[in-house]
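Reader: Let us go through this structure one feature at a time. How should I read the strands?

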Amino acid sequence: MPASLTSRSKFLVLGRAGMDFYADPPGAEAERATRFTTALGGSSGNIAAGIARHGLSVSLLTCVSDDSIGRFVLNQLEDYGIGTEHVRVLSGESRTSLAVTETRIENTQNTLYRNNASDLLLSEDQVLGVAFEAFDSLVLTGTALAASPSREATLTAMERARAAGALVVIDLDYRPYSWPSAKEAAEIYRAAIEAADVVVGNDDEFAVVANGTHEDGLKLAGKLGSSDKTTIYKMGERGSIAFSPGRSFETGIFAVDAIKPMGAGDAFMASLMASLAAELSLEDAVLRGSAAAAMVVSKFGCAPAMPTPAELGVFLSNHSAPQS
């Protein structure tokens with residue numbers, strides 16, 4: 001495993017954080033719910049929460065609106081121990097993301113309000129104010145690349161982080177509704193991947209970047225991993241394949257009684273990064289990421305369900321190694 005993956009204990013996470021409204025109790029349909037439970041949400045917010053749960057230093061780089069939802073997010077970040085020094089509060093008509101969702105497996109509904117989203121107003125000026133040498137790793141989600149000015153700001157952040165010697169990690173996190181077209185997404189993702197050291201995505205996302213099929217996406221992941229990058233190609237119930245220079249390996253998933261489909265990818269990324277920071281092997285880091293993903297889909301909420309190292313240890317001691 002490249003030495004650059006290890007000993008990375010100070011994280012900067014870039015991207016969306018918002019408020020999640022979960023229909024309560026678990027199993028309730030949103031349109032019939034009489035009460036909701038709130039939680040920190042958003043892919044980057046969840047990843048940052050997961051890293052913080054491991055006791056590591058992590059800050060968030062994003063924008064939130066100057067209203068009750070934005071303040072809720074700021075309070076939640078502080079409660080998790082996530083640094084907010086690089087969170088900009090925006091006045092005006094932009095809004096922090098709000099997700100109305102459910103805790104059930106069948107026909108899960110997730111309604112996401114992202115009209116004039118505050119996080120997509122991240123600016124290059126804001127990025128230029130970050131001392132990237134203070135961080136060991138920059139972790140970002142691809143949603144931040146979907147629109148300007150966040151797109152240009154994110155690419156600048158990747159360049160500056162790499163120049164400062166930080167590990168640059170991208171979760172492709174492709175959401176079609178955020179992009180004008182898949183073709184444009186592929187072009188921008190390829191530019192971002194060039195500036196990344198670690199690329200994580202699922203089979204659908206790699207297929208989009210490759211402008212082709214799942215087979216094309218797998219070939220792309222393997223090609224990137226045979227160069228100077230580490231790629232993790234996730235395949236849902238079939239587990240994942242990790243590629244790094246000179247080797248590749250497969251990892252299965254842990255069988256659990258899932259109560260919702262959301263949060264697995266964010267949990268995987270958080271525990272992957274935390275495990276690498278603890279100087280575990282890439283194989284062990286991917287295994288622990290898979291365990292965290294299984295734990296989160298079997299519990300209520302996403303950020304609140306992120307496991308601590310101790311909880312991960314208990315889970316691993318009680319569950320057999322997954323089959324790939």
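Author: Start with pairing: two strands pair if DSSP finds at least two bridges between them. Keep in mind that this is a predicted model.

Reader: How many bridges join β1 to β8, and do they run parallel or antiparallel?

Author: Strand β1 (residues 10-14) and strand β8 (residues 137-141) are joined by 4 bridges. The two run parallel. Leu-14 faces Leu-140 in β8.

Reader: What is the strand order in the open sheet?

Author: Read across: β5-β4-β1-β8-β9-β10-β11-β12-β13. That makes 9 strands, with mixed pairing. The edges are β5 (83-90) and β13 (247-251). Each has a single partner strand, so one side of each lacks a neighbour in the sheet. From one strand to the next, the twist averages 15 degrees.

Reader: Which strands does helix α8 lie across?

Author: Helix α8 (residues 264-277) lies across β1, β8, β9 (167-171), β10 (198-202) and β11. Its angle to β9 is about 160 degrees. Helix α7 (residues 214-225) lies across β11 (230-234) and β12 (240-244). Helix α7 runs at about 155 degrees to β11.

Reader: Now the pockets. How is empty space found?

Author: A probe the size of a water molecule, rolled over the atoms, shows where empty space is left. Here the largest pocket has a volume of about 1,400 Å³.

Reader: Which residues are closest to the centre of the largest pocket?

Author: Of 47 lining residues, the closest are Pro-261, Met-262, Gly-263, Ala-264 and Gly-265. Elements giving two or more residues to the lining include β2 (18-24), α1 (43-53), α8 and α9 (282-297). By class, the lining has 19 nonpolar, 17 polar and 11 charged residues.

Conventions
Residues numbered from 1 in each chain as written. Predicted model: local features only at pLDDT ≥ 70, side-chain atom pairs only at ≥ 80, totals over all residues. Heavy atoms only, no water. Axes fitted to C-alpha atoms, helices over the stretch in contact; angles between N-to-C directions. Contact = heavy atoms within 4.5 Å. 1 Å grid on protein atoms, 1.4 Å probe; cavity = no way out; pocket = protein on both sides within 12 Å on 5 of 7 lines; lining within 4 Å. Points joined across faces, edges and corners; volume = space filled by probe spheres on them. Nonpolar A, V, L, I, M, F, W, Y, C, P; charged D, E, K, R; others polar.
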